[in-house]
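Student: I would like to learn how to read a protein structure, going from single residues to the whole chain. Could we begin with what a contact is?

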Amino acid sequence: MNQIKFGTSGWRGIFAEDFTLDNVRVVTQAIADFVRAENSFAAGLVVGHDSRFFGERFARETARVLAGAGVPVFICKRDTPTPVIAYEIMRRGTAGAINFTASHNPYEYNGIKFSTAWGGPALPEVTAEIERRANAMLGEVCYRDMPLDQAVRSGLVEEINPMPDYLDALRSKVNLDAIGRSGMTVVFNPMFGAGRDYVDCLLVEAGLLVQTINGVRDPYFGGLPPDPGPTHLNDLVTRVKNDKRIALGLATDGDADRYGIIDADGSFIEPNYILALLYDYLVRRKGEKGDAARSVATSHFLDAVAAHHGYAVRETPVGFKYIGEFIRDNQIVIGGEESAGLSLRGHVPDKDGVLACLLVAEMVAVEGKTLGQLLKDLYRRVGEFHTERSNLRLSMDLAAKIPGKLAAPPDRMAGRAVKELVTTDGVKMIFEDGSWALFRKSGTEPVVRVYTEAGSREDLEDLTRAAVGFIEA
C-alpha cells in the first residue's frame with residue numbers, strides 16, 4: 001500500500017489508484033485528529049473542491065468523517081477556486097480548510113490541500129504530522145463517520161456560498177472603474193475549471209466586452225492538463241491573435257490559483273515578467289511601498305525592480321506557503337513564483353490567479369500600453385532578464401544519478417565561473433555575470449526541473465544547453 005506523502009502543495013495521487021475514498025477518509029481523520037490536538041477544532045473547517053471528477057463525493061465523505069469527529073464543517077456548494085477557500089478561512093476565522101484539488105495536473109489526478117487558520121497552505125511541520133497520523137492508520141477503519149443528513153440537522157455541517165464575499169474583497173483591491181474606462185475587449189479562459197464566473201463576472205461588471213471560452217465544467221479539462229502555460233493555451237492565443245479588437249487574453253488553471261496571460265499580439269507573457277511588471281506598477285502607479293518576495297526558482301527581474309525603487313527581495317524555497325508567511329505578516333507588497341502564483345499585501349496568503357488576471361487588466365488599462373510595450377519600458381529602466389525552465393522526466397537511471405551530481409556541482413558552466421552556491425531548495429549556481437542555474441526535483445511531478453536565467457536570449461540558450469547537459473550526462 002502506497003504511503004501518504006504531502007508534496008509542495010498537498011497530497012496528490014491518481015484517481016482510483018492511490019487517491020481513493022478509503023485513503024481520503026484516513027487523511028481526513030488525520031486532519032481531524034490534528035485540529036483536535038491543537039484545540040482549534042471548534043472553529044470548524046471549510047471543505048471545497050475544484051471541477052475534477054468525484055469532487056462533490058470526496059467533499060461529502062470528508063464532511064461525514066469530520067462531523068463524526070465532532071469538527072464543524074462549512075461545505076462549498078459548487079466547485080470553488082483555491083483563493084476563494086483561503087479567503088473564507090480568514091473571513092470566518094475557521095481552523096483551516098480541506099480542498100480537493102490537483103491544481104494544474106492532468107484530469108486523472110486529484111489531491112487534498114490542507115490550509116491552516118492563517119489562510120495559507122500548511123507548512124512542512126504540519127503536513128509531516130498529518131502524514132505520520134495518516135500512515136499509521138492506513139488499511140484500518142479508523143474513523144467514525146456521521147450520515148450527512150444527521151450532520152446537517154445537528155448543525156455540524158452547513159452548506160455555504162463563499163463567492164459573493166470574495167468578489168467584494170476583489171472590488172476593494174482592483175480598480176474596476178479604470179478597467180471599464182479602457183473600453184478594451186478581453187478573452188477569458190477558465191480552462192473548464194473552478195475559475196468560471198469570477199474573472200469574467202467582474203470584467204463584465206466593469207463594463208468590458210468579455211469573450212469567455214472553455215467556460216463550462218468539464219472534469220476532463222478538454223483532454224488537456226488545466227495548466228495555463230503556453231503549451232495548453234493555443235485556443236486562447238489563436239483567438240487573441242486573429243482579432244485585432246482584443247487587447248488581452250487571460251486564463252486561470254483548474255483551481256484558479258495560477259494564471260496565464262496573452263498579450264494583444266498573441267504572445268504568451270511568462271509569469272516571471274508579469275510579477276516584475278505588477279510590482280513596478282503597484283509601486284510606481286498605486287503608491288505601494290515595501291519589499292517583495294519570490295521563490296529561489298523565480299527570476300531576479302523582481303530583484304532589479306525592487307532595487308530600482310529602493311526596496312529588497314526575500315528569497316524562499318519553492319512553495320507558496322513560504323511566501324504566504326510574508327503576506328500574512330504584512331512584510332511585502334507582492335510575492336510570487338515563476339510557476340504563476342502571486343498574491344498581495346492585505347489579501348490571501350495563497351496563490352490567486354483571479355486577482356492576478358484582474359490586476360493585469362487594470363495595469364494595461366491604466367498604462368494604455370500593451371504588455372510587450374510595458375516590458376520594453378521596464379527593460380530600459382532595470383535591464384533585461386530572460387528565463388527558461390526545462391522539465392526532465394525522472395527515469396530510474398536519472399533518479400539514481402541526480403543525488404551525486406547535485407552533491408558535487410561544477411565550479412564553471414558554459415564558460416561562466418560560479419560566484420555563489422545557494423542550497424535553499426535544490427542547488428542554485430549564481431555566476432559572476434548575474435546569470436544563474438537551479439536544479440531541483442519537483443514536489444508535485446516525477447521530474448527534475450532545470451531553471452536558467454541570463455541577460456540575453458543567446459546567453460540563455462548557451463546556459464540552458466550546458467545546464468541540461470550537466471544533468472543528462
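Tutor: Contact means that heavy atoms lie within 4.5 Å. Please keep in mind that this is a predicted model.

Student: With which residues is threonine 94 in contact, leaving aside its neighbours within four places in sequence?

Tutor: Leaving aside those neighbours within four places in sequence, threonine 94 is in contact with Ala43, Gly44, Val46, Phe74, Ile89 and Ala117. Threonine 94 itself lies in the loop between α3 (82–92) and β5 (96–100), and a polar atom of its side chain lies 3.0 Å from the backbone oxygen of glycine 96.

Student: Is threonine 94 buried or exposed?

Tutor: A residue is called buried when its relative accessible area is under 20%. Threonine 94 has 2% relative accessibility, and therefore counts as buried.

Student: Where does leucine 123 lie, and is leucine 123 buried or exposed?

Tutor: Leucine 123 lies in the loop between β6 (109–116) and α4 (124–137), and with a relative accessible area of 12% this leucine is buried. Leaving aside neighbours within four places in sequence, leucine 123 is in contact with Trp118, Lys321 and Glu325. Leucine 123 and phenylalanine 320 are 197 residues apart in sequence, while their C-alpha atoms are 9.9 Å apart in space.

Student: How should I read serine 295, and in which strand is it found?

Tutor: Serine 295 is found in strand β13, which covers residues 291–295, and its relative accessible area of 1% is the reason why it is called buried. Its side chain makes a polar contact with the side chain of threonine 298, at 2.8 Å. Beyond its neighbours within four places in sequence, serine 295 is in contact with several residues, among them Glu315, Pro317, Ile323 and Gly336.

Student: What share of the contacts in the protein chain with a separation of 6 or more comes from residues 24 or more positions apart?

Tutor: Residues 24 or more positions apart account for 70% of those contacts with a separation of 6 or more. The protein chain has 16 helices and 22 strands, and buried residues make up 59% of its 473 residues.

Student: How does the radius of gyration of the protein chain agree with that of a compact globule?

Tutor: For 473 residues, a compact globule would have a radius of gyration near 23 Å, and the protein chain has 22 Å, so the two agree. Along its principal axes, the C-alpha trace spans about 65 × 55 × 40 Å.

Definitions and conventions
Residues numbered from 1 in each chain as written. Predicted model: local features only at pLDDT ≥ 70, side-chain atom pairs only at ≥ 80, totals over all residues. Heavy atoms only, no water. Helix = DSSP H or I, 4+ residues; strand = E, 2+ residues; numbered from the N terminus. Rg over C-alpha atoms; globule rule 2.2 N^0.38 Å. Buried < 20%, exposed > 50% of the residue type's maximum accessible area, 1.4 Å probe, protein only. Polar contact = N/O pair within 3.5 Å; in protein donor to acceptor, adjacent residues only side chain to side chain.
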